[in-house]
Amino acid sequence: MEWATLASVAAGAVIATASGAFFDRHRWRRDQRAHLMGVRRTLYSEYLTCLSKARNAFRLLARDRDLGALERERSARECFAPCYELRYQMTITASAPVVEASEETFRRLRGMRGLAAAGVLADDDAYSGGRGAYEAALSGLRLAMRAELGSDQ
């Protein structure tokens, strides 16, 4: 009888330890997912803000008929430069669908930078087309971000 009791105690200890480890691992994974979502939420907000600031700067450049060519180009490049840093963060932090949408949006905004730097004005068809393509890509990016973050649930 002593061996049966000892075996029962040992088996109970093994079960308790294993279940504790299982639940600790489960809690750790849940915490990691929550942390990643928090990091992504912050990064996505910063990225969208940066894109918006650059877009607004390009709008001002496209409306300024008096700005010289060199100043216009320098200003357009300076306004867009911060977007590169966040773009690289997006490529290593976001899910594949968000990275794909992010890259498309970035390319479209870079195209607008090129137009603004070249002196294309807001009433030009090329600028309107570039703006429309950017806004469509931005809409797709926001949808991908919302889907990943579960914002619509």
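Biologist: How many helices and how many strands are there in the protein?

Modeller: Helices (H or I, at least four residues) and strands (E, at least two) are DSSP runs, numbered from the N terminus. The protein has 4 helices and 0 strands. This is a predicted model, in which local features need pLDDT of at least 70 and side-chain atom pairs count only at pLDDT 80 or more, while totals for chains, interfaces and linings use all residues. Residues are numbered from 1 along each chain as its sequence is written, and side-chain values use heavy atoms, leaving out hydrogens and water.

Biologist: How many aromatic pairs does a search of the whole structure find?

Modeller: Rings of Phe, Tyr and Trp (its six-membered ring) pair if their centres lie within 6.5 Å; planes under 30 degrees apart count as stacked, over 60 as edge-to-face and the rest as tilted. The search finds 4 such pairs. In one of them, Phe58 and Phe80 have ring centres 6.2 Å apart and planes at 40°, so the pair is tilted. Phe58 belongs to helix α1 (residues 2-63) and Phe80 to helix α2 (residues 69-93).

Biologist: Why is the pair of Tyr84 and Phe106 edge-to-face?

Modeller: Their ring planes stand at 75°, with centres 5.0 Å apart, so the pair is edge-to-face. Tyr84 lies in helix α2 and Phe106 in helix α3 (residues 96-118), so the pair ties together parts 22 residues apart in sequence.

Biologist: Is Phe106 buried or exposed?

Modeller: Buried means under 20% relative accessible area, exposed over 50%, partly exposed in between (1.4 Å probe, protein chains only). Phe106, at 0%, is buried, whereas Tyr84, at 24%, is partly exposed. Phe58 and Phe80 are buried.
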